[in-house]
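The stops below are given in the order in which to select them.

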Amino acid sequence: MVPKKDPSECAHGAFINTCSKLDCWQGPGQACGENVAGYIRYGQCAPGLRCCNGMCKGCLNGNCFRESCHPTHAFQLRSDPYMPERHMDPLYRLFDYYNNE
């Protein structure tokens, strides 16, 4: 992100980022980061918006971006229809077999 010098340059407001620099809030449909490194690189969503899959989702001042959001999981569930089927390590099956006794 390019550091800003004047808060009036920001359409959705300004804040001081983790690097102690003035930065602009991202609006609906704009790129965003989902962790500290992403905040520095892409920016943060304005209050009231949610960052999902690298895009700010929600409504702000009548401007809405409502594309569906299927967030990535820190852990994969077999029942999740959006998660590709994973192939288990054969060693896991061995431990799972002994766990059920």
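Among contacts in the protein between residues at least 6 apart in sequence, what percentage joins residues at least 24 apart? That share is 19%, where a contact means heavy atoms within 4.5 Å.

This is a predicted model, in which local features need pLDDT of at least 70 and side-chain atom pairs count only at pLDDT 80 or more, while totals for chains, interfaces and linings use all residues. Residues are numbered from 1 along each chain as its sequence is written, and side-chain values use heavy atoms, with hydrogens and water left out.

**Whole chain**

Start with a cartoon of everything. The protein has two helices and five strands, in the order β-β-α-β-β-β-α from the N terminus. Helices (H or I, at least four residues) and strands (E, at least two) are DSSP runs, numbered from the N terminus.

Switch to a surface. The protein exposes about 7700 Å², and carbon and sulfur atoms supply 53% of that area. Accessible areas come from the Shrake-Rupley method with a 1.4 Å probe, and for residues only the protein chains shown count as cover. Of the 101 residues, 22% are buried. Buried means under 20% relative accessible area, exposed over 50%, and partly exposed in between (1.4 Å probe, protein chains only).

Select Phe15 and Trp25. The count of aromatic pairs comes to one. Their ring centres are 4.1 Å apart and their planes are at 25°, so the pair is stacked. The rule takes rings of Phe, Tyr and Trp (its six-membered ring) with centres within 6.5 Å; planes under 30 degrees apart count as stacked, over 60 as edge-to-face and the rest as tilted. Phe15 is in strand β1 (residues 14-16), whereas Trp25 is in the loop between β2 (22-24) and α1 (36-42), 10 residues apart, and the pair links distant parts of the chain. With a relative accessibility of 11%, Phe15 counts as buried.

**Disulfides**

Now show all cysteine side chains. How many disulfides does a search of the whole structure find? The search finds four, a disulfide being a pair of cysteine sulfur atoms within 2.5 Å. Three of them are visited here.

Go to Cys10 and Cys24, whose sulfur atoms are 1.9 Å apart in a disulfide. Cys10 is in the segment before β1 and Cys24 in strand β2, so this pair ties together parts that are 14 residues apart in sequence. The S-S torsion of Cys10 and Cys24 is about -65°, so the disulfide is left-handed. Cys10 is buried at 9% relative accessibility, and Cys24 is buried at 9%.

Next, select Cys32 and Cys51, joined by a disulfide with an S to S distance of 2.0 Å. Cys32 lies in the loop between β2 and α1 and Cys51 in strand β3 (residues 50-52), so the pair ties together parts that are 19 residues apart in sequence. The torsion about the S-S bond of Cys32 and Cys51 is about 90°, so this disulfide is right-handed. Cys32 is buried, with a relative accessible area of 3%.

Then take Cys59 and Cys64, a disulfide with sulfur atoms 2.0 Å apart. Its torsion is about 115°, so the disulfide of Cys59 and Cys64 is right-handed. Is Cys59 buried or partly exposed? At 32% relative accessibility, Cys59 counts as partly exposed, and Cys64 is partly exposed at 38%.

Select residues 50-52 together with strand β4 (residues 55-60): β3 and β4 pair in the antiparallel sense over three bridges. Two strands pair if DSSP finds at least two bridges between them. Cys51 has Cys56 as its bridge partner in β4. The two strands form a hairpin with two residues between them, and Asn53 in the turn has a positive phi of about 55°.

Gly58 has Phe65 as its bridge partner in β5. β4 and β5 form a hairpin with two residues between them, and Asn61 in the turn has a positive phi of about 55°.

**Nonpolar core**

Finish with Cys32, Cys45, Ala46, Leu49, Cys56 and Leu60, the six residues of the largest nonpolar core. Such a core is a set of buried Ala, Val, Leu, Ile, Met, Phe, Trp, Tyr and Cys residues joined through side-chain atoms within 4.5 Å. Centre on Leu49: not counting residues up to four places away in sequence, Leu49 touches residues including Gln26, Pro28, Cys56, Cys59 and Leu60.
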